[in-house]
Amino acid sequence: MELRLYDTLTREKRTFVPLDPGNVRMYVCGPTVYDFAHIGNARPVIVFDVLFRLLRHLYGSDHVTYVRNITDVDDKINDRAARDFPGLPLNEAIRKVTEVTEKQFHDDVDALGCLRPTVEPRATDFVLPRADGKADMVTLIRQLIARGHAYEAGGEVLFDTQSMPDYGALSGRKLDEQQAGARVAVDAHKKHPTDFVLWKLSSDDEPGWESPWGRGRPGWHIECSAMSAAYLGDVFDIHGGGLDLIFPHHENEIAQSRCAHGTSVMANYWMHNGFLQVEGEKMSKSLGNFVTIRELLADWPGEVLRLNMLKTHYRSPIDWTLKGLEESARTLDDWYWVAADIKGEQPSRAVVETLLDDLNTPQMIAALHGLRNKAASGDEHDRGQFAASLRLLGFLSESAAEWNGRKQQASGIDAKQIDGLIADRTAARARKDFKESDRIRDELAALGVVIRDSKEGTTWEIAR
Ligand code: AMP
Ligand code: ZN
């Protein structure tokens, strides 16, 4: 079976054919680093991590290049820097904010079982022409001006959207239908309301770089055109992000990259994840209905958050609920119970096949439940296949001791005390004192511990 992916640009599911199977290339828009990421921001990170893992499985781990940028130049960052470090020069304050936030982001998404991308370029390293000759923003803007796709006006360099006949194809918006709305600023100096900023002048108290258009800073969209070209070339395979990035961000990335390079496409597959919602509304900073990854990690193992995310297909909205989390936690406890510490080489073909159909993770989880039942009643091979499948997908990264240890800590249970009670119960059973052994079982239950007897002895775990 071949991989099929839904492409937002052509609005259809198509067979995935990489430009070069020896180097499959994917770009995903990364975080703007000024504050803790919320669990909605984790959705694209987890979804595209599953795709990255699948591509590595299909093409070999050395044959996939995954680039996810870090946006470290943004007015929100400047505001945060001025607020949090009023005594420091702005540049130093900005560096502090972005470094601390980048580290928080890495710690959070590591805990969610996400692999690091192959490269994580920072926008500020790609503003000016580079010693290594990789693509940069100033050079791209010069190319756009030279090719008649950009103009200087009102202290800005703007992209001329009317210079591109099929501007708007990704979002399905036609130029003449575009009303200047909340998301498109109306400015007298623009030739058309949809023209967008490539470069803007900075005041003395804003970060800036010397450029042919004066000391200024780049617009948001141009950074991804530069960093994707720097690592993946002018045309590459997959470009991803959340639904809210289709317009204007991805539309404008396409305009910049295609017009600067003179190509007919920027990426061959455009993939967008749906929103994570709370009571029917998109989780977002501005609505204030968000919970950070960090807050959730205080209460739940990262793999529980990951599983909970993957229960819904990536293009559908997810309603994030406590009930869903509790159910995901019970599932993972059970999977660890069956497969922790089991070695396995070969993941199940059936599980991989669910992902080949546009990352059908709900089907993937159904397939895992099937494997789990086979593993529980089957032999070493079945258990190995179940364990290998879980690990391929970013689960089962902990040992049984780590998994149970965390729960013990969280529940305040003393493992030594439990082991002692179990030894007492085993001794009581050996001398056929069933009244005493039943009493100890009840005592364990009251402590929130369930036990399981088998030929090998008695094991226990914390009840959820
Ligand atoms: P932002 O920090 O808003 O630029 O978002 C970073 C990434 O998270 C982008 O790919 C967004 O599309 C995505 N994103 C933001 N909010 C949500 C949400 N509630 N559900 C799913 N993805 C989101
Ligand atoms: Zn981007």
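The residues of the shell around ligand 1 comprise 5 nonpolar, 6 polar and 2 charged ones, where Ala, Val, Leu, Ile, Met, Phe, Trp, Tyr, Cys and Pro count as nonpolar, Asp, Glu, Lys and Arg as charged, and the others, Gly among them, as polar. The model is predicted, so local features need pLDDT of at least 70 and side-chain atom pairs count only at pLDDT 80 or more, while totals for chains, interfaces and linings use all residues. Residues are numbered from 1 along each chain as its sequence is written, chains are lettered from A and ligands numbered from 1 in the order in which they are written, and side-chain values use heavy atoms, with hydrogens and water left out.

Among the 13 residues around ligand 1, those that come nearest are Gly-40, Gly-242, Asp-244, Leu-276 and Met-283; a residue is near if one of its heavy atoms lies within 4 Å of the molecule. Polar contacts are pairs of N or O atoms within 3.5 Å. A polar side-chain atom of Asp-244 lies 2.4 Å from an oxygen atom of ligand 1, and a backbone N or O atom of Gly-242 lies 3.2 Å from an oxygen atom of the ligand. Asn-273 places a polar side-chain atom 3.3 Å from a nitrogen atom of ligand 1. On its own, ligand 1 has 480 Å² of accessible area, of which the protein covers 84%, by the Shrake-Rupley method with a 1.4 Å probe.

Next comes a sheet. It is open, has 3 strands in the order E12-E11-E13, and shows mixed pairing. Strands are DSSP runs (E, at least two residues) numbered from the N terminus, and two of them pair if DSSP finds at least two bridges between them. Strand E12 (281–282) and strand E13 (318–319) are the edge strands, each pairing on one side only. Strand E11 (residues 276–278) pairs with E12 in the antiparallel sense over 2 bridges, and Val-278 stands opposite Glu-281 in E12.

Technical notes
Polar contact = N/O pair within 3.5 Å; in protein donor to acceptor, adjacent residues only side chain to side chain. Helix = DSSP H or I, 4+ residues; strand = E, 2+ residues; numbered from the N terminus.
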